[in-house]
Amino acid sequence: MSQSMIRKLLGAVKDQTSIGLAKVAGNMAQEAKVNIVKATSDDDDPMDEKHIRWILNLTSHSRGYVHPCVSALSKRLSNTHNYVVALKSLVVIHHLLNDGDPIFREEITYATGHGARLLNLSDFRDEAHSSSWDHLAFARTYAMYFGQQLELILFDIKSGSGGPSGSANGGDSVHNEDRSRSYGDMSDGVAVKEGKEDRRVATPLREMKQERIFGKMGHLPRLLDQFLVCRPTCLAKNNSLILVALYTIVNESFQVYADIREDCVKAFDVYASAAKQIDEFIAFYNWCKDTGVARSSEYPEVQRITNKLLETLEEFVRDFHCYCKLAK
């Protein structure tokens, strides 16, 4: 019997042992662990969606089960040396990020930032298969895609388009039920204490990150880059589990494309509007100088947005649309 076969058999025994121990414990947190182990079995069969639905239903009724689920997934990824288990665990994480309670996003971010193996598989090694390099490569890039996607989700939360503060569960929170911690204030600026009140100091434009000025435009190209490197190669191209995982992010890429296209149009509109305003700005400044409002040396030198620049931007947006249509 080969070494890889022995390891697969040992992995199956360990899974059954974990399930048996969890059932003996007989509480909901252990039930969550049972369903995670079953959903991420080390066989090559497709995942059974009923286990994922069970986890989603459980955490929708009480956020207190979010932490045990994320913790169980982290341990699952830390203890396995089988790319099948790792890839199935990532698919479960994908479901939790997209379909689960928004608190999952915070919990996964917190866990990842504190050393949990969830979205970083850079040093992961497969010891259960003899030819798994291509499969491992996909698992690593798949995990990195989620990391970039999570950054975009958190940006949307910071921008006020939704987030973990809202709850249909009456306000119960994993923060209170599992441990006391703060994820920090997600809004712009710095809070300054003044007695019993907080005064928020606005962040100067020059100190803002590019994403805060241009919205999603800073995140979307990076997410698209990460999507493109998820393309499976060699043996991985025909693996059914990988193709199922790939299907989910291909579907998501349609919206990424639509968002990038929309942002390109918005950027051009902003430049076109600014060009007109600057012309009026210069004319008003000239009138002020002629009238004697402040010294001429006090006025800044205003640079126009030239027609040539606008034509270049317009051509870029048009070419980008044509490229995207051909790519489809």
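Modeller: Of the 328 residues in the chain, 39% are buried (under 20% relative accessible area with a 1.4 Å probe, protein chains only; exposed means over 50%, and partly exposed lies in between). This is a predicted model, in which local features need pLDDT of at least 70, side-chain atom pairs count only at pLDDT 80 or more, and totals for chains, interfaces and linings use all residues. Residues are numbered from 1 along each chain as its sequence is written, and side-chain values use heavy atoms, with hydrogens and water left out.

Colleague: How many helices and strands are there in the chain?

Modeller: The chain has twelve helices and two strands; these are DSSP runs numbered from the N terminus, with helices (H or I) of at least four residues and strands (E) of at least two.

Colleague: Now the rings, please. How many aromatic pairs does a search of the whole structure find?

Modeller: The search finds six. Rings of Phe, Tyr and Trp (its six-membered ring) pair if their centres lie within 6.5 Å; planes under 30 degrees apart count as stacked, over 60 as edge-to-face and the rest as tilted. One of the pairs, Phe 284 with Trp 287, is stacked, at 6.1 Å centre to centre and 10° between the planes.

Colleague: Where do Phe 284 and Trp 287 lie?

Modeller: Both are in helix α11 (residues 240-291), three residues apart, so about one helical turn separates them. Trp 287 is exposed, with a relative accessible area of 51%.

Colleague: And what kind of pair do Tyr 285 and Tyr 299 form?

Modeller: Tyr 285 and Tyr 299 are edge-to-face, 5.0 Å centre to centre with 65° between the planes. Tyr 285 is in helix α11, whereas Tyr 299 is in the loop between α11 and α12 (307-327), 14 residues apart. Both Tyr 285 and Tyr 299 are buried.
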